[in-house]
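I opened this model to look up a few local details. My notes follow in the order I took them.

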Amino acid sequence: MRIRGRVVLAAALALSTMGTTGVALAVDRDAGAATGATGGTWSAGTVPVAGEVRTSARADTAGRAAAPAAARPAPVVTRPADQVAQAAPASVSYLSNRYRVAPGEAARRLALQELSAPLADTLAARFPDSYAGMWLDQAGGGVLTIAATDPVRVTETVAGLPDARHVTVVPVRYSRRDLDAAATRVAGALGVTAGQDVLVDERANEVLVLTGDGVPADDARLAGALDAAGVPARTRARFDEGTIPKACDPRYCAQAPMRGGIRLDVPRDDGTVGGCTTGFNVRAKSGRYYVLTAGHCVVGGRHQRVDDTWHQFLGPKVPVGLESTNPVLAENDFPNDYAVLPYAKGASTRWAYPRRTVGNAPSLVNYWCVADNPACASKGSHDVPITGVTAYSAVQAGWVVCATGSAYTPKAGEQYVDSGAGAGYLPGTRCGEVIGKASGGIDVRVCARPGDSGGPLFTESNGRALGILHNGDPGEGPCTNPDEQNTYAPVSVILDRVNDRTGLGFQVATQGPLLAPPAGSSNR
């Protein structure tokens with residue numbers, strides 16, 4: 001049926017051999033056929049649209065009238081493949097790049113993806129004893145794979161679907177209804193939540209218990225719960241050893257874990273509040289963790305009193321660290337522009353990294369995407385695990401480096417500390433080039449603003465700490481000067497200096513900060 005240049009395609013779903021005529025999935029297409037990856041076409045054929053499917057009863061072989069058809073769900077309408085592609089250019093790009101397919105084939109796959117969700121609902125409702133789930137096999141050619149305990153009936157049902165040649169049905173032992181019931185039983189036995197701690201793995205056709213938080217890996221109840229599941233069931237750690245938390249907006253990141261590149265608000269003597277940025281997690285030889293930022297954030301000028309630092313001072317007001325007075329762990333004398341901040345009382349527990357059943361969490365720097373960082377279009381925001389420090393002497397002009405800052409000027413009516421960044425500057429991560437070391441620090445061509453001070457400079461590829469922001473060219477608002485220069489105090493120089501003065505054996509942390517620092521350690 002054509003409606004003003006569209007072809008409305010319907011897939012008649014034959015629901016049983018007992019006379020149920022069916023349900024139709026109506027799928028919008030443009031007047032032309034959708035082009036596949038190889039330039040071929042496919043069309044609906046002659047299946048009826050939903051409104052034309054008859055529901056009259058028919059007689060069985062004994063002459064008795066069969067029961068009337070069950071009520072049918074409303075037609076399911078999806079968009080043409082080219083319309084889907086226009087609305088999702090990044091998704092088309094991903095499929096094209098990852099699976100080396102043409103844009104037309106990528107569009108076909110996305111259209112099939114849109115159809116899959118309503119199709120799953122229909123199959124689950126009509127075949128509760130058979131339907132067991134579905135997934136798109138992108139590596140296998142963009143095929144929609146449907147699991148069923150009775151594959152013949154489901155195969156007959158989906159034979160009229162648009163793009164039916166890319167739909168396949170595979171046999172399994174347990175229906176989704178059976179698996180869901182088993183997951184509920186297992187979750188009840190363990191005192192956790194089905195769908196959160198106990199899941200259904202449709203591809204494996206089994207139940208999966210996630211261990212590590214709600215269910216410890218050594219929970220004595222596990223064996224019995226798995227044996228009583230009634231279906232195949234297994235455990236898996238919720239987080240693998242190499243798993244790391246994802247990045248967060250530097251302005252609004254009041255949740256663990258502490259990482260480089262997060263906003264610090266610092267009240268001044270005169271009642272105003274300044275903004276700085278966390279650099280790296282550091283660890284003393286005692287095992288206690290600290291946060292490294294710029295010394296000028298807490299020493300000199302309007303900072304004669306002992307400073308405390310907060311995240312979102314005008315919002316949740318989450319405590320972070322304190323200026324250390326015994327021993328003194330801060331200076332404001334470039335290149336020794338540093339403050340090694342002990343955590344405020346109770347703050348280390350709040351900011352600690354999640355406890356894991358296997359291994360320890362790597363220490364992180366926040367890589368937060370901003371519009372003027374073109375790399376974000378392909379990789380997106382993420383965290384960079386810190387693996388160590390590159391000595392100042394080894395840093396070379398021409399290196400490509402990245403820096404994260406949290407500088408911000410709030411919009412009208414927004415409750416947030418103004419660091420003086422200027423309207424239009426976006427806090428986050430930018431990359432640029434080392435242009436030299438003539439300042440005694442690391443001079444880079446990377447945009448930064450007031451409030452980014454103390455923020456981390458690092459090499460993205462291997463997670464090596466290089467420096468923390470000291471100063472740079474004047475400027476405010478958006479990054480429009482491609483030749484803007486800023487200077488970072490070298491981390492290796494800072495560590496040498498503070499260790500010579502204190503003997504505390506500070507190192508940039510490559511793990512944590514972790515819970516339970518050594519008992520008796522002083523906050524200051």
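I started with a side-chain pair: the side chain of Asp163 makes a polar contact with the side chain of His166, at 2.6 Å. I count a polar contact as a pair of N or O atoms within 3.5 Å; within protein, one must be able to donate a hydrogen and the other to accept it, and residues adjacent in sequence count only if both atoms are side-chain atoms.

The model is predicted, so local features need pLDDT of at least 70 and side-chain atom pairs pLDDT 80 or more, while totals for chains, interfaces and linings use all residues. Residues are numbered from 1 along each chain as its sequence is written, and side-chain values use heavy atoms, with hydrogens and water left out.

**Asp163, continued.** I found a polar contact of 2.5 Å between the side chains of Asp163 and Arg108. Asp163 sits in the loop between helix 4 (151–158) and strand 8 (167–171). Helices (H or I, at least four residues) and strands (E, at least two) are DSSP runs, numbered from the N terminus. Is Asp163 buried or exposed? Its relative accessible area is 4%, so I noted Asp163 as buried. The cut-offs are under 20% for buried, over 50% for exposed and in between for partly exposed (1.4 Å probe, protein chains only).

**Strand 19.** Next I checked residues 336–342, where seven of seven residues are buried. One side carries Asn336, Tyr338, Val340 and Pro342, the other Asp337, Ala339 and Leu341. Strand 15 (residues 289–293) runs antiparallel to strand 19, joined by four bridges. Strands pair if DSSP finds at least two bridges between them. Thr293 stands opposite Ala339. Strand 18 (residues 330–333) is also antiparallel to strand 19, again with four bridges. Here Glu331 has Tyr338 as its bridge partner. Two residues separate strands 18 and 19, which form a hairpin.

**Disulfides.** How many disulfides are there? I get four, taking cysteine sulfur atoms within 2.5 Å as the rule.

I looked at Cys248 and Cys253, whose sulfur atoms are 1.9 Å apart. Their link is left-handed, with -85 degrees about the S-S bond. Both cysteines, Cys248 and Cys253, are buried.

Cys402 and Cys431 are joined at 2.1 Å, S to S. This link is right-handed at 95 degrees. Cys402 lies in strand 23 (residues 400–405) and Cys431 in strand 24 (residues 428–436), so the pair ties together parts 29 residues apart in sequence. Cys402 is buried at 2%, whereas Cys431 is partly exposed at 34%.
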